[in-house]
Amino acid sequence: MDFTVSEIIALCGGRLRVGDPDFRVNGFAALDDAGPEDLSFLGNEKYINDYLSSAAGVVLVVPQAPIAREGMVLIDVENPSLAFSQICEAVQSKRPFAAEVHPTAYVDPTAEVAGVMVRANAVIEAGARIGRGTEIGPGVVIERDAVVGEDCILFANSVVRERCLLGDRVLLQPGAVIGSEGFGYEFVDGRHRSIPQVGIVVLEDEVEVGANSTIDRARFGKTTIGKGTKIDNLVQIGHNVVVGEHCLIVAHTGIAGSCTIGNNVTIAAQCGLAGHLEVGDNVVLAARTGVSKSITKPGIYWGVPAVPIHEEKKSVVFTRNGPAFRKELKLLRKEVNELKESRDS
Amino acid sequence: MDFTVSEIIALCGGRLRVGDPDFRVNGFAALDDAGPEDLSFLGNEKYINDYLSSAAGVVLVVPQAPIAREGMVLIDVENPSLAFSQICEAVQSKRPFAAEVHPTAYVDPTAEVAGVMVRANAVIEAGARIGRGTEIGPGVVIERDAVVGEDCILFANSVVRERCLLGDRVLLQPGAVIGSEGFGYEFVDGRHRSIPQVGIVVLEDEVEVGANSTIDRARFGKTTIGKGTKIDNLVQIGHNVVVGEHCLIVAHTGIAGSCTIGNNVTIAAQCGLAGHLEVGDNVVLAARTGVSKSITKPGIYWGVPAVPIHEEKKSVVFTRNGPAFRKELKLLRKEVNELKESRDS
Amino acid sequence: MDFTVSEIIALCGGRLRVGDPDFRVNGFAALDDAGPEDLSFLGNEKYINDYLSSAAGVVLVVPQAPIAREGMVLIDVENPSLAFSQICEAVQSKRPFAAEVHPTAYVDPTAEVAGVMVRANAVIEAGARIGRGTEIGPGVVIERDAVVGEDCILFANSVVRERCLLGDRVLLQPGAVIGSEGFGYEFVDGRHRSIPQVGIVVLEDEVEVGANSTIDRARFGKTTIGKGTKIDNLVQIGHNVVVGEHCLIVAHTGIAGSCTIGNNVTIAAQCGLAGHLEVGDNVVLAARTGVSKSITKPGIYWGVPAVPIHEEKKSVVFTRNGPAFRKELKLLRKEVNELKESRDS
């Protein structure tokens, strides 16, 4: 990472307010961490003090921002946060890529890997097909007849089991498991007999799956994650679940088998959904919500079992005030007893 | 997958009601997904409309089921769901197996792997012994002196640490970790000093462990999972836990150290058990239950802390009605005050 | 493992009360599991019956403990539990170590691995530097330019992504992921656009990370885990989180992005912390606590949202007594109505 201020401006479309266009930066950092050779940005008014005392060499700011100190190069942009992301992305696109199979990787002769980067100790089994521009990370396992699209990154030690289908520009973080067997048993003669799970998982284009998350293959048919949906770390998606497009599913959430989730749904961390439910488009589940009935109306839901968030907030207030209510109830009882005595005397 | 209707009938013991016994199918699918060369089944009345409009080539049905349309082959069976499973299982048993060590795998010369399939880039360390008919998946690591029984499948990138013992027909889904060190520390001189975890994990016959689940080795002695118990994905089992036979433990559940769980216990998703507890035979914990005291009486429990499910349901109703109670309490206060004024005036 | 009683005494500093100093043991076990060639210990009065009936060959006891039976060797120590740990540790330090790269491992020529044990099928990429005495387990992946200190153990299939920094004596349990990308998106034109995550993770000296736990790299700057902090299995730590020194973070806990956790904080199992919060030194969060506001005052907290534990306990009692309160409220209503009628008649 080594850029001139001019190159930075070329990447994000800003305007140099003060400083030398040939000044060089070689790192990114937050305002309070940055040194004299780092690029930083003031994305939010609330970091103004960090900005004023920052040692950063170059800072992306809005045109209205004051000058922090002499010697700091300032680049004016409309949206410093977005500009910073664009620069990072441009740099990231320099992630080294070479369409070659590492000598320690194993690629079955019947697998298709033209134009693919296969890194050390990866395994690609018979019949698998990988699209051009895709990086298969170290230790990744792609099992028989699985299909991975173009321009994907499968990070270290992730696993795609047999016959699963991944679209283009899919990301698997390290340790993600796609296509494990669903948790389905029939209790026969005093023991749990496995119900065969012969379906697959389909991840549509631009799906991202977090580190060590697990997505079970369908009993038959397919478990589907819709286009553009992003899944965080340590999430569990059961067999035959269908998740729509452009959803966000945050860490430690579990979705039981055969649920159907709409489009643009946000499921915050540590939620749980019982099996065979429907969650409609644009629903938001706040963190730790437990859903036991289908939710069709858009809105924000919270609690166990899930209700509209304003209702759950009232329940929480009620519970928290419980000891006061209890006291008041006792007092009322005493006073009513006294009133009854007065009446009867 | 390519079967004739006659072959299907041979596998599941049904009776051809209508259609050609030489008709061929090459896939499985749900009724609403199936195409003209797929086998499907009508397992439940509620899918009758999917059945009536299905494009499936062959469908397993109960004898009372109507004929959906001309050209659809129907096979009558008593239990279509079970029959379908039997067929899937028969097909799955065709999972390719060859008792050979892949050239990219590493097997220590002192390990025993006769009759074992060791796949690409697996690692089997010194002194490990693997039983006949077992498949060691790609990237799997079996550490020193571990023992794995016969006819097991250890899926990709799962790990069995040193000296752990797995019975026969055990399944580890991808990324499962058996024998990680228990979380035990003594706070000495301002820092947490590790308590050595020198025990092992024992998985008895037919235990199944889900993807990326973790089972800690005992401090000393053993952590035991009883025969036939099935564990879902992302479950954590602490050191020295003893789980009985034929239990089900669903995703994201955590069982803290030294718990003892009986036989035929069902623990639904996202439950948590504090350390050193006992849970008796036939107990059922509903999803998200938190157990902080031993439960010896069979029954269904729910809530944090766990109580019989009907009690927790009443508590939930009470909490949800909190705002109404609050209002009523205020009204009673007002009326009692008025009554007191009347009395005193 | 084969020790004489004299050797055991040399390791833990005890005093032989009864038995032969040349008696040999070859295993460790709990009192109720131990056989005649095992070493065990009586760490707690409550196990006295296990002790009295134990078949253990040698037992560490306090001087006041009775003699269980003839033929059992007894070693008196002040703290049997600690003594037992010391012996286990001494034995564990015999974990085989050889500073060599296994022939099936891949180490990039530009990586530094002098004095390091690199086990089968591990991958160490360009520019990585590993300190002396460190063991890189089977299937472990260390990506470009990552730095690992001295005397660390990275267990099987763990992953350290590019540029992350691990101190000395760090432990990663199997499957742990260090440096996955943070979960950060901007919603632009109807889709979630990734915010580049170009920072790193820093694990300071003596940090331990549990099996299949995940720690995300910072958006920029660093995610930091302070010296001596221990993290259990299946824990998720978000991007830009700063955890202090000597904390304990138990299984299934999730800490959202940009949280700052102080020193000596204990976070029990299955807790969740929303993003951008502060938790001060010496705070304890009981299991399953959900934190949505910063907590600066030391103390024990519980509930969702978190409150001091005695308050949450009262709320739980209130909720559990809900049906009784409801009944009392109905009765009061009836009686007040009667009083009003009496007054008005």
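Two strands are said to pair if DSSP finds at least two bridges between them. Keep in mind throughout that this is a predicted model.

With that rule in hand, turn to chain B. Here eight strands make an open sheet in the order 11-14-17-22-25-28-31-34, with parallel pairing. Its edges are strand 11 (129-130) and strand 34 (278-279) of chain B, each of which pairs on one side only. For a look inside the sheet, pick strand 17 (residues 165-166) and strand 22 (residues 200-203) of chain B, which are joined in the parallel sense by two bridges. Leu166(B) has Leu203(B), in strand 22 of chain B, as its bridge partner.

Now move to chain A and find strand 5 (residues 38-41). Which way do its side chains point? Asp38(A) and Ser40(A) point one way, Leu39(A) and Phe41(A) point the other way, and all of them are buried. In a regular strand, side chains alternate between the two faces of the sheet. Strand 5 of chain A runs parallel to strand 4 (residues 27-28) of chain A, with two bridges joining them, and Phe28(A) stands opposite Leu39(A). Strand 5 of chain A also pairs with strand 6 (residues 58-61) of chain A, again in the parallel sense, over three bridges. There, Phe41(A) stands opposite Leu60(A).

Next comes helix 5 (residues 322-344) of chain C. Its 23 residues, at 1.5 Å a residue, should span 33 Å, and this agrees with the computed separation because the end C-alpha atoms are 33 Å apart. The buried residues of helix 5 of chain C are Gly322(C), Phe325(C), Leu329(C), Leu332(C), Arg333(C), Glu335(C), Val336(C) and Leu339(C). An α-helix has 3.6 residues a turn, so residues three or four places apart point the same way. What covers these buried residues? The cover includes helix 5 (322-344) of chain A, helix 4 (309-320) and helix 5 (322-344) of chain B, and helix 4 (309-320) of chain C.

How are the chains arranged? A rotation of 120 degrees, with 0.0 Å of shift along its axis, superposes chain A on chain C with an RMSD of 0.1 Å. That is the relation of a three-fold axis. Chain B is likewise superposed on chain C by a rotation of 120 degrees with 0.0 Å of shift, at an RMSD of 0.1 Å.

Finally, look where chain A meets chain C. The contact takes 63 residues from chain A and 73 residues from chain C. Between them the two chains bury about 5300 Å², 58% of it on carbon and sulfur atoms. On the chain A side, Arg288(A), Arg320(A) and Leu329(A) lose the most area to chain C, together 12% of what that side buries. Six salt bridges are found across this interface.

Glu143(C) counts as buried because its relative accessibility is 0%. The residues it touches include Arg95(A), Arg119(A) and Ala156(A), along with Glu125(C) and Arg161(C). With Arg119(A), Glu143(C) forms a salt bridge whose closest N and O atoms are 3.7 Å apart.

Terms used
Residues numbered from 1 in each chain as written. Chains lettered and ligands numbered in written order. Predicted model: local features only at pLDDT ≥ 70, side-chain atom pairs only at ≥ 80, totals over all residues. Heavy atoms only, no water. Helix = DSSP H or I, 4+ residues; strand = E, 2+ residues; numbered from the N terminus. Expected span 1.5 Å × (residues − 1). Buried < 20%, exposed > 50% of the residue type's maximum accessible area, 1.4 Å probe, protein only. Contact = heavy atoms within 4.5 Å. Least-squares fit on C-alpha atoms with pLDDT ≥ 70 in both. Buried area = accessible area lost by both parts, 1.4 Å probe. Salt bridge = Lys/Arg side-chain N within 4 Å of Asp/Glu carboxyl O.
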